[in-house]
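Subject: Handover of a structure and notes on its architecture

Dear colleague,

Please find below the structure that I am handing over to you. After it I set out what was found, and I would ask you to keep the view open while you read.

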Amino acid sequence: MKKALDMAGRLSVIDPPIFSFAGVRECNHILTCISIHQPPSPTYELACLLLEIGLRRSFISTNGQYHELLVQTSSSSVQCPNEVNHHLASLNTNGYSTDRISESDLLCIKTVLGSYPLLAQYERQSRVETGLYRSELYKTPPEELKIPATRWFYSQRALALLKPMLLRVLGKQIEAIQSYINTKDPHITVNGWISVGHKSQSNLSKSEDAQIFHYDMDGVSFVKIFIYLTDVLQIGQGPHQFVQYSHKGIHHQQVNSHLISSCPHSRVPDKFTHLFYADAVSHFGPKGTVILEDTRGLHRGFPLEYGAYREIIVMTISNTPRKLLRERLMKIYSKC
Ligand SMILES: [Fe+2]
């Protein structure tokens, strides 16, 4: 299965003619089968592959209209509370909105994260346990780290502990997002990591660290919440950047023709994003800054300067995440 999904990622970049049939029609067929609990005609692995490619290609080839239609027809309309209506309006217009969490909530988050060792990931390897705690990472110069990773992930146990607190602290913002993605029952995941600025960083590493412009396709409709746990006040501190108005995908078809073919994920060089969209906005802000963003729009984390650290929590609030769609497919097939 993993092999099939890895292949999907690569195929969506190099786009060989053999897979050019995977588009709106196939995606629609599989989504329809899932909704009526009937097995699609292809095998399970091929159905997952078609879904993976089809979701991205349907978004691109219809300028986002296909996904918009699915969101509008998949559930009843969800009202946005008045106090966070500005987030909904800004998400719709700009593709993002910003907010803050309190100092005390921030302290609580850091305390939990500091109690568990970090995991490292580099050079296309899986995440590995390091035994290194957050405070120790800061005390060690980047070149003296035993693992030369540029991203250090928080432990899943720490993130699981944090999740109920984050849901409470960001409850109103999540309600605005529920209205945006039109679901009363969102699927929410929590991730987070520390980015470390090394003296040099390869293009592959930048690609894997999501530091080159790209658009996410985590499901049919989703919004990510980013929380800065460190100050991001200058460009060297690695601000999250977003290409305004790109969330509707109106020019993604043109952008898609400029993907970097050597990158394992769909990445676009800076010079091409300017051709089709407005300039990127850099989200500067003190620790505790919250960014709500429709990351189907083009975005990246700006590469950090040497010796800089940026800590971030990323929550994904989704209507129909790919993982869930694959699980539903698996259940349907297992009953055959
Ligand atoms: Fe992303």
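Before the helix pairs are described, one term is needed: a helix axis is a line fitted to C-alpha atoms over the stretch in contact, and the angle between two axes runs from 0 to 180 degrees between N-to-C directions. Please also note that this is a predicted model.

Overall division

The protein is divided into domain 1, which covers 2–74 + 325–334, and domain 2, which covers 82–318. The C-alpha centres of domain 1 and domain 2 lie 25 Å apart.

Let us begin with helix H3, residues 44–61, and helix H13, residues 322–334. Their axes are 10 Å apart, and the two helices pack at an angle of about 155°. That angle makes H3 roughly antiparallel to H13, since angles over 145 degrees are counted in that way. The crossing of H3 and H13 is right-handed. On the H3 side, the contact is made by Tyr44, Ala47, Cys48, Leu51 and Glu52, while H13 contributes Arg322, Leu325, Arg326, Leu329, Met330 and Tyr333. Sorted by class, this contact of H3 with H13 has eight nonpolar, no polar and three charged residues.

H3 also packs with helix H2, residues 24–35: the axes of H2 and H3 come within 8 Å and cross at roughly 125°. That makes H2 oblique to H3. The crossing of H2 and H3 is left-handed. Here H2 brings Val24, Glu26, Cys27 and Ile30 to the contact, and H3 brings Ala47, Leu50, Leu51, Gly54, Leu55, Ser58 and Ser61. By class, the contact of H2 with H3 has seven nonpolar, three polar and one charged residues.

In which order do the strands of the open sheet of eight strands stand? The order is E1-E9-E6-E11-E5-E4-E2-E3, and the pairing is antiparallel. At the edges stand strand E1 (96–100) and strand E3 (128–129), each with a single partner strand, so one side of each is left without a neighbour in the sheet.

Several of the pairings can be followed residue by residue. Strand E6 (residues 222–228) and strand E9 (residues 289–293) run antiparallel and are joined by four bridges; Phe226 stands opposite Ile291 in E9. Strand E5 (residues 187–196) is joined to strand E4 (residues 151–153) by three bridges, again antiparallel, and Arg151 stands opposite Ser195 in E5. E5 also pairs with E11 in the antiparallel sense, over 10 bridges. The bridge partner of Ile194 in E11 is Glu311. As a general point for reading such a sheet, side chains in a regular strand alternate between the two faces of the sheet.

Helices lying across this sheet

Helix H5 (residues 85–93) lies across E1, E6 and E9, and runs at about 145° to E1. Helix H9 (residues 171–181) lies across E1, E6, E9 and strand E11 (309–318), and runs at about 155° to E6.

The pair H6 and H8

How far apart are the axes of helix H6 (residues 103–114) and helix H8 (residues 156–169)? They are 9 Å apart, and the helices pack at an angle of about 165°. That makes H6 roughly antiparallel to H8. The crossing of H6 and H8 is right-handed. The contact is made by Asp105, Cys108, Ile109, Val112 and Leu113 of H6, together with Ala158, Leu161, Leu162, Met165 and Val169 of H8. The residues of this contact of H6 with H8 divide into nine nonpolar, no polar and one charged.

The sheet of three strands

An open sheet of three strands has the order E8-E7-E10, with antiparallel pairing. Its edge strands are strand E8 (280–283) and strand E10 (299–301), each of which pairs on one side only. On average, and with direction ignored, neighbouring strands of this sheet are turned by 20° against each other. Strand E7 (residues 240–243) pairs with E8 in the antiparallel sense over four bridges, and the bridge partner of Val243 in E8 is Ala280.

Yours sincerely

Terms used:
Residues numbered from 1 in each chain as written. Predicted model: local features only at pLDDT ≥ 70, side-chain atom pairs only at ≥ 80, totals over all residues. Parallel < 35°, antiparallel > 145°, perpendicular 65-115°, else oblique. Left-handed = near helix turned anticlockwise from the far one by under 90°. Contact = placed C-beta atoms within 7 Å. Nonpolar A, V, L, I, M, F, W, Y, C, P; charged D, E, K, R; others polar. Domains from an automatic or database assignment. Pairing = 2+ DSSP bridges.
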